[in-house]
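Hello,

Here is the structure I promised to hand over. Please open it first, then read my notes below.

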Amino acid sequence: MKTIAAACAALFLFALSAPVAAQDQPVPRMFRGMPKEKGQWRMDVLEGGARAGKSGAPASMTFCTDNLMKSSNEARGPRGNSSCKNRLVKDTADEAVMEMTCPDRNMTVSMKRESANSVLMEMRSTGGRGPQNVKMRYTHLGACREGQGAISFDKNSEQCRNMQAQASKMDPAKSCARAGAQRADCEQRVRESMKQMQAMCG
């Protein structure tokens, strides 16, 4: 779920800030007047991907575009991933269709504006691990909270219960008992990992 979440969040961020990733590609018209680049968005997975909960409710997560954009830029560098080619094939006030062609996969992302703060998005992907089709709804929630991570889940969600269970079993001293001279660095990494898990369950 975390992998799909990161991929979908990155795609949505790309649509919001297309000039950052591709200098010659404009931001889709449907995003004009909508909150962009700053703030938090909730993503509800409606179909496909990994849907959580025995109740059948959509898996939900929240991402802070402030932090996500920062980590994305640091990972890709200022010029983005030059191995992928992006094309805006439909661009109206209410809908947009973007195509992304990469060496290992091709993606088509269709977006429809529901309201001033809500967007429906469908991602179809081929190649890599096989075809995937995921439908999501994005809703803008306002400014990011202090200390909020790039991606977070509801504290009562299945994902958070699993992460909390995993974190409760993590002991820096035991995990790094055989690290020798690197023990201090090892323990610091374990503590940072635990902190990241906590930040993802806001």
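Start with the torsion about the S-S bond of C64 and C144: it is about 110°, so this disulfide is right-handed. A disulfide here is a pair of cysteine sulfur atoms within 2.5 Å. The S to S distance for C64 and C144 is 2.2 Å. The two cysteines lie 80 residues apart and link distant parts of the chain. C64 is in strand β2, and C144 is in the loop between β7 and β8 (151-152). Helices (H or I, at least four residues) and strands (E, at least two) are DSSP runs, numbered from the N terminus.

C64 is buried, at 1% relative accessible area. C144 is partly exposed, at 23%. Buried means under 20% relative accessible area, exposed over 50%, and partly exposed in between (1.4 Å probe, protein chains only).

A note on the source: this is a predicted model, where local features need pLDDT of at least 70, side-chain atom pairs count only at pLDDT 80 or more, and totals for chains, interfaces and linings use all residues. Residues are numbered from 1 along each chain as its sequence is written, and side-chain values use heavy atoms, with hydrogens and water left out.

How many disulfides are there by this rule? The count is two. C176 and C186 form a disulfide, with sulfur atoms 2.0 Å apart. Their link is left-handed, with -80° about the S-S bond. C176 sits in the loop between α5 (172-175) and α6 (183-199), while C186 is in helix α6. Both C176 and C186 are buried.

Best wishes
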